[in-house]
Amino acid sequence: MAEGPTILVIGPRWVGDMVMAQCLFAALKEKHPHAAIDVLAPAWAAPLVKRMPEIRCQIDFPLMPGALEFRSRRRFGRLLRGRYDMAYVLPGSWKSALIPFFARIPRRVGNLREMRYGLLTDIVPLPDALKRRTARAYFGLARGGTFRAPRLTVDNTNQADLLARFGLAGKKFVALMPGAEFGPAKRWPSDHYAGLARDMMAKGLAVALLGSKNDADVTSEIAALAPGAIDLAGKTRLEDAIDLIAAAKLAVSNDSGLMHVAAAVGTPIVAVYGSTSPENTPPLSERSELIWLHLSCSPCHKKVCPLGHLNCLKTLDVARVSAAADRLLKVPAAA
């Protein structure tokens, strides 16, 4: 078998962005079928990256998010010398390009962003129209290949164990993902999620609330308002969330990482948008409904509502989201 290039990808630090990065990985594999692709990313990303068949391995990123730590980057880069032919730098920061520079990787590809002349050898133009369209921007770094939506593999054994453990085996259930690491301006209110949960349960569906331990306060509030909903926030690993979402009949989510996970495992998804726009970061799935009020003040792309009212989410009523859910539940999966 012919050998392909060894490629290092400097990965993003958000779950959704890492899922969308698979658009680049797939394009690189199409261009270089025998390439060995490794991803430098935070330790949390390992379970996610393992579900991407294009990736050989994940290398733990040694530094805290946002930290410059110039000497540490130089030291780590030197440890990688001689291992890679090419590097792709997905984050836009100057410091994110330092490790492949110090690793002396011959080809270092990325967008210019923070004036990274010299750090990158191949600067790929980024049109203004793509600056917030993450999946397309990542794909563009490949400069060729076919744009493919992310597709994560599912561990059927782990999935069966999880369904049995949490009382979901044999049940039709909806996965609700009410969290958003970015900030409250992305979160549909808890009482709205609770109303949706009650509506779904009234129709004979079970409801599972998914999220990290950081979402536990939100999910516990929803569970209190919607008795019978199964609160799993903080009780599952990222790989568990992938497998549980894949088993759900439907997912409902804010613009979050788990929204992109749902699309990547083929689960129909209702995506609720507030401070961000579905035109920029939609779930890459044909079985989706995107709910956005198109208010004059949105998208503002802020973590907290700058006007203090959060009308883009508070006035988005349960009935509208429930109707979207019903439409998706009635459409059979493609053969």
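This note sets out numbered points on a predicted model.

1. The sheet. Six strands make up an open sheet, and their order across it is S3-S2-S1-S4-S5-S6. The pairing throughout is parallel.

2. Strand S1 (residues 6–10) and strand S2 (residues 36–41) run parallel and are joined by 5 bridges. Within this pairing, Leu8 lies opposite Asp38 of S2. Helix H2, which spans residues 22–31, packs on the sheet and touches S1, S2, S3 and strand S4 (86–89). The direction of H2 makes an angle of about 160° with that of S2.

3. Ile7 as a point of reference in S1. Ile7 belongs to strand S1. Is Ile7 buried or exposed? Its relative accessibility is 0%, and because the limit for a buried residue is under 20%, Ile7 counts as buried. Beyond its neighbours within four places in sequence, Ile7 has contacts that include Leu28, His32, Ala35 and Ala36. Ile37, Asp38, Tyr84, Met86 and Tyr88 are also in contact with Ile7. Arg56 stands 49 residues from Ile7 along the chain, and the C-alpha atoms of the two are separated by 9.8 Å.

4. Aromatic pairs. A pair of aromatic rings is described by two quantities, the distance of the centres and the angle of the planes. The count for this model is 4 aromatic pairs. In one of them, the rings of Phe101 and Phe102 have centres 5.4 Å apart and planes at 65°, so this pair is edge-to-face. The relative accessible area of Phe101 is 33%, which makes that residue partly exposed, whereas Phe102 is buried at 11%. Trp188 and Tyr193 also form an edge-to-face pair, because their ring planes stand at 75° with the centres 5.0 Å apart. Both Trp188 and Tyr193 are buried.

5. Ring cluster and a charge over a ring. Phe70, Phe101 and Phe102 are linked into a cluster by ring pairs. Elsewhere, the charged end of Arg136 is placed over the ring of Phe147, at 3.7 Å from the ring centre.

6. Helix H7. Which residues of helix H7 (residues 156–165) are buried? They are Asn158, Gln159, Leu162 and Leu163. Viewed down the axis of H7, the buried residues fall within an arc of 135°, so they line one face of the helix. The exposed residues Thr157, Ala164 and Arg165 are carried on the face of H7 turned away from its buried side. Strand S7 (173–177) and helix H10 (238–247) are among the elements that cover the buried residues of H7.

7. Helix H11. Helix H11, residues 257–264, is mostly covered, with 8 of its 8 residues buried. These are Gly257, Leu258, Met259, His260, Val261, Ala262, Ala263 and Ala264. The cover over the buried residues of H11 includes helix H1 (15–20), S7 and H10. Strand S10 (250–254) and strand S11 (269–272) also contribute to the cover of H11. Just after H11, Gly266 adopts a positive phi of about 85°.

8. Backbone geometry to note. Most residues other than glycine have a negative phi, and most peptide bonds are trans. Where is the cis peptide bond with omega of about 5°? This bond joins Ser298 and Pro299. Pro299 is placed in the loop between strand S12 (288–291) and helix H12 (311–314). His294 is also found in the loop between S12 and H12. The phi of His294 is positive, near 55°, in a residue other than glycine. With a relative accessible area of 54%, His294 is exposed.

9. Arg143. Arg143 is not a glycine, yet its phi is positive, at about 50°. The residue lies in the loop between helix H6 (134–140) and H7. Its relative accessibility is 43%, and Arg143 therefore counts as partly exposed.

Definitions and conventions:
Residues numbered from 1 in each chain as written. Predicted model: local features only at pLDDT ≥ 70, side-chain atom pairs only at ≥ 80, totals over all residues. Heavy atoms only, no water. Pairing = 2+ DSSP bridges. Helix = DSSP H or I, 4+ residues; strand = E, 2+ residues; numbered from the N terminus. Contact = heavy atoms within 4.5 Å. Axes fitted to C-alpha atoms, helices over the stretch in contact; angles between N-to-C directions. Phe/Tyr/Trp six-rings, centres within 6.5 Å; stacked < 30°, edge-to-face > 60°. Buried < 20%, exposed > 50% of the residue type's maximum accessible area, 1.4 Å probe, protein only. Lys NZ or Arg CZ within 6 Å of the ring centre and 35° of its normal. Arc of directions from axis to C-beta.
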